[in-house]
Amino acid sequence: MTDRFARTDGSTTQACNTTQGLYCGGTWRGMISRLDYIQGMGFDAVMISPIIKNIDGRVSYGEAYHGYWAEDLYSLNPHFGTHQDLLDLSRALHDRGMYLMVDTVINNMAYITNGGNPATDVNYTTFKPFNGPQYYHPYCRINDYNNYPEAQQCWTGDNIVALPDLKTEDEQVQSVLNKWIQDMISTYSIDGLRLDAAKHVTPDFLPKFQEAANAFITGEVYEKSIDIVCSYQKELTSVPNYPIYFALLDAFTKGNTSTLPDEVEVMKHSCPNVTALTTFSENHDVARFASMQDDMNVRHPHP
């Protein structure tokens, strides 16, 4: 997470109010100075937060330090650095034989409504390039995130920060997004993408976006069901391996150790290519692994 990792001057003493969700000053330039540290731990790739310009302003739960509140696809987030800074980070990684991955938002833009009505209070002219309501689904709330058609047609977000949902089934929207990602990948020599909210994107668009990007993409589908997660490999090379994440939690926080090998076996026979899925014990969307269990003997087992 770019904002939370390293400042340009390398300082670690400046106050950082994470509880209020404010910017803390991490930059691409700061990341460059910490590549010895990253590579020294054995990593051969770095995934950074979305790089595009986000909405400015502060709401009750913070600012856009995370990069997911998109406003202008054609400008970089000035909090993270400049065009040259991002070029330099890409070059520094590649000079070490490492890869650059970028978190990417194509499902929605963002607008501060601060308690207003997302259906009527969004000023679409603030967005680039999708600067009119014709590019978006009409406002509706998602009541059931397991209802995939509803989750793809309605809006995520809330009435504090509305997230106008792009018509990713629309050919013009698709064309603009495809050209945009090609330009971004070409300009900054990006090696791979994490696709935010892939579960909410029109499924038919996912393989078209993958083909346009011509790069490795792992698409976020927050889902426990093996069948659903594996079905997404028809559209994308990869998705995060949430079924195994939930099995890991069962095994190492609840002690249900048989869940994990059972789930691994089922995944192997259900997914087109299980080795392409991204496996993790925690990520930026879920609670820290140790917090899932209060019993210190389980959290820190004795050797």
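This is a predicted model: local features need pLDDT of at least 70, side-chain atom pairs count only at pLDDT 80 or more; totals for chains, interfaces and linings use all residues.
Cys 140 is partly exposed, its relative accessible area being 26%, whereas Cys 154, with a relative accessible area of 8%, is buried.

## Disulfides

The count of disulfides comes to 3, and when the bonded cysteines of the chain are numbered in sequence order, the pairing reads 1-2, 3-4, 5-6. The table sets out the sulfur distance of each pair.

| Disulfide | S to S distance |
|---|---|
| Cys 16 and Cys 24 | 1.8 Å |
| Cys 140 and Cys 154 | 2.0 Å |
| Cys 230 and Cys 271 | 2.0 Å |

For Cys 16 and Cys 24, the torsion about the S-S bond is about 80°, so this disulfide is right-handed. Cys 16 counts as partly exposed because its relative accessibility is 35%, while Cys 24, at 6% relative accessibility, counts as buried.

The disulfide of Cys 230 and Cys 271 has a torsion of about -85° about its S-S bond, so it is left-handed. Cys 230 lies in helix α8 (residues 226-231) and Cys 271 in the loop between α10 (259-270) and α11 (296-299), so that the pair ties together parts that are 41 residues apart in sequence. Both Cys 230 and Cys 271 are buried.

The domain assignment of the chain gives domain 1, made up of 2-107 + 166-212, and domain 2, which covers 221-302. The centres of domain 1 and domain 2, taken over C-alpha atoms, are separated by 25 Å, and the contact takes 9 residues from domain 1 and 9 residues from domain 2.

Between them, domain 1 and domain 2 bury about 830 Å², of which 56% is on carbon and sulfur atoms. On the side of domain 1, Lys 199, Leu 206 and Gln 210 supply 51% of the area buried against domain 2, more than any other three residues.

How many salt bridges does the rule find across the interface of domain 1 and domain 2? There is 1 salt bridge across this interface, and the side chains of Arg 194 and Asp 285 also meet in a salt bridge, at 3.1 Å from N to O. The count of residue pairs in polar contact between domain 1 and domain 2 is 3. Helix α7 (residues 205-213) gives the most to the side of domain 1 that touches domain 2, contributing 3 residues.

## Salt bridges in the whole structure

A search of the whole structure finds 16 salt bridges. One of them joins the side chains of Arg 29 and Asp 85, at 2.6 Å from N to O. Arg 29 lies in helix α2 (residues 28-32) and Asp 85 in helix α4 (residues 83-95), so this pair ties together parts that are 56 residues apart in sequence. Arg 29 counts as partly exposed at 28% relative accessibility, whereas Asp 85, with a relative accessible area of 14%, is buried.

Asp 103 lies in strand β4 (residues 99-105) and Arg 194 in strand β7 (residues 192-196), so the pair ties together parts that are 91 residues apart in sequence. Asp 103 and Arg 194 are both buried. These two residues also belong to a network of salt bridges that links Asp 103, Arg 194, Asp 196, Glu 220 and Asp 285.

The side chains of Asp 183 and Lys 179 meet in a salt bridge at 2.8 Å from N to O. Why are these two residues separated by about one helical turn? Asp 183 and Lys 179 are separated by about one helical turn because they are 4 residues apart in helix α6 (residues 171-188). Asp 183 counts as partly exposed at 35% relative accessibility, and Lys 179, with a relative accessible area of 48%, is partly exposed.

Note on methods: Residues are numbered from 1 along each chain as its sequence is written. Side-chain values use heavy atoms; hydrogens and water are left out. A disulfide is a pair of cysteine sulfur atoms within 2.5 Å. Buried means under 20% relative accessible area, exposed over 50%, partly exposed in between (1.4 Å probe, protein chains only). Domain bounds come from an automatic or database domain assignment. Contact means heavy atoms within 4.5 Å. Buried area is the accessible area (1.4 Å probe) that two parts lose on being put together, summed over both. A salt bridge is a side-chain nitrogen of Lys or Arg within 4 Å of a carboxyl oxygen of Asp or Glu. A polar contact is a pair of N or O atoms within 3.5 Å; within protein, one must be able to donate a hydrogen and the other to accept it, and residues adjacent in sequence count only if both atoms are side-chain atoms.
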